[in-house]
Amino acid sequence: MSEVRVRFAPSPTGFFHIGSARTALFNWLYARKTGGKFVLRIEDTDKERNTPEALQVLLDGMKWLGMDWDEGPEKDGEYGPYFQSQRGEIYDKHLQILRDKGLAYDKEGAVFFKVSDKPQIIEDKVRGRVERTEEKDFVIYRSDGSPVFHFVNVVDDMTMGITHVIRGEDHLSNTSKHTELFKAFGATEPVFAHIPLILKQSGPGKMSKRDKGALIEEYQDKQFLPSAVRNYLCLLGWSPKDDREVMTIDEILEEYDFKGIQKGSAKFDEKKMAFINTEHLRQLPLETFSWMASPVLNEAGLIDEDTDEDYFQKVMMLAQPKVNSLDTLAEYVGYFFDDDFAYDEKVTAKLSKKGNPAEKVAEAKEALEGLENWTEKSVEGAFMKLAEDQGQEKPFPWFPSVRWAVSGAGGGPDLLPLLVVLGKDKVVARFERAIAQN
RNA sequence: GUCCCGUUCGUCUAGCCAGGUUAGGACACAGGGUUUUCAUCCCUGCAACAGGGGUUCGAAUCCCCUACGGGAUGCCA
């Protein structure tokens, strides 16, 4: 059996739409699953929109999502060129073939293709047998001499040896045009698989580039994990048929097949996307988490090359099990790196209802500042002693005020480890600042 | 208008092909618990077979019709 060859054929518009990304992904998965080739072909015939920047958005998005291609831009193969703008001669040659066969004719300045009028049967891998008759001849070359989509698409798939066409359902009705053309050239038709569309979260219709979450660039900007976006995209219209959802790409590859692809279209759900992202974040090895967090915190001006590596790692260890996204990480751990953090007014107000929090902080300061060892155990011991001296069983009444004094926040990592990681000097200094300012 | 495709909790889905399930899971939401706190963790609850007809002892599952949704019908891709 010959090698599987699939392709993703985007048109660079300056955006990388989530639906396109998923189409690319389903092709990529099939290629990797079968050991075939994944071809990236650029449909750059629209000279207005197709700028180098627009192409770059696309290539960056592909790489970010981990979809490497075997042939295409930056990776020449024997079926090139991979830009439609450079394939003019190939198209003209194929037009001539149809002319010679008497299947193409001029009319109103354009070139029309003569359809057979026979029912076209598509054995679609997702939808089963679909039958449709193409009744009217259609234009394959415009009057300005340029070939149209249906024609170039088929010629490219044919000349690039594409064996499987995996694309959006919006092309299902067009497929009869394509099979007519394949037959006219005497070529073997590829296997078709039409995947469902991604619909808007609310309102009618498919997702458009204006909808929230529609562009891969958004996920890049918001520091989503590419593995999570990829995972969610797989789940939108495909299922492993058991209850697994959070999966690695290897696990997905293990299960991926056309049978798992849904027939009905799916609505995008940003909350589930966020959930999958958080799960992937939790499952990261600490080193990877730190490695990804580092540029984010650097960007936020919280760390630089002088930041103590050991301290940084310890903070990351506290943050990873609790923070929900890299996007909010700077906010979550900012006070570890910035002594000038602000006190959350709501928290200040809440604490003040039960008395002046600065008093509790002053008591904590007195209890802790004399400690020689600064460990969870010793800090806890000092708090216990403070509680006993005040006739309390547990030191809990002091904790919210202490947290507020050292972080300005009402929540965060476990308090004792937090204090230990901050270190005695910082803790005491922050106690003093809180007392002085409130 | 015509043609093509689809329809299970609010959402993503399992189950359908090979008819018998208390129709399962997840997100979200609601309640409870753990926790000094929290954006962590645990438990519980809520909630669906689009409608109608047929076949059958028995239908989410097979067949037909209707409704609704989506797509195509471009000298866009």
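**Strands, helices and the RNA surface**

Strand β5, residues 119–124, is joined to β6 by six bridges, and the two run antiparallel. A word on terms: helices (H or I, at least four residues) and strands (E, at least two) are DSSP runs, numbered from the N terminus. Two strands pair if DSSP finds at least two bridges between them. The hairpin passes from β5 to β6 through three residues, and P119 stands opposite T133 in β6.

Before I go on, the conventions. This is a predicted model, in which local features need pLDDT of at least 70 and side-chain atom pairs count only at pLDDT 80 or more, while totals for chains, interfaces and linings use all residues. Residues are numbered from 1 along each chain as its sequence is written, and chains are lettered from A and ligands numbered from 1 in the order in which they are written.

D117 is not a glycine, yet it has a positive phi of about 70°.

Next, the sheet that contains β4. Three strands form this open sheet, in the order β3-β4-β7, with antiparallel pairing. Which strands stand at the edges? They are β3 (104–107) and β7 (138–141); each has a single partner strand, so one side of each is left without a neighbour in the sheet. From one strand to the next the twist averages 50°. Angles here run from 0 to 180 degrees between N-to-C directions, and axes are lines fitted to C-alpha atoms, for helices over the stretch in contact. Strand β4, residues 110–113, is joined to β7 by three bridges, and F113 stands opposite F138 in β7.

Helix α3, residues 88–100, lies across β3, β4 and β7 and runs at about 95° to β3. In the loop between α2 (52–64) and α3 we find P81. The peptide bond joining G80 and P81 is cis, with omega about -5°.

Now two helix pairs. The axes of α10 (residues 286–299) and α11 (residues 309–319) come within 10 Å and cross at roughly 110°. The two are therefore roughly perpendicular to each other, a label that covers angles of 65 to 115 degrees, with under 35 roughly parallel, over 145 roughly antiparallel and the rest oblique. L286, F289, S290 and A293 of α10 make the contact with Q313, M316 and M317 of α11; contact means C-beta atoms, placed from the backbone, within 7 Å. That contact has five nonpolar, two polar and no charged residues. In this scheme Ala, Val, Leu, Ile, Met, Phe, Trp, Tyr, Cys and Pro count as nonpolar, Asp, Glu, Lys and Arg as charged, and the others, Gly among them, as polar.

The other pair is α16 and α17 (residues 415–422), which pack at about 35° with their axes 11 Å apart. On the α16 side the contact is made by F399, V402, R403 and V406, and on the α17 side by L415, L419 and L422. Six of these residues are nonpolar, none polar and one charged.

Last, the RNA. How many residues are around RNA strand B? There are 56, and R142, F149, P204, G264 and G411 come nearest; a residue is near if its C-beta atom, placed from the backbone, lies within 6 Å. Elements giving two or more residues to this surface include β6 (128–133) and α16 (399–407). By class the surface has 18 nonpolar, 17 polar and 21 charged residues.

Notes
Two residues are in contact if their C-beta atoms, placed from the backbone, lie within 7 Å.
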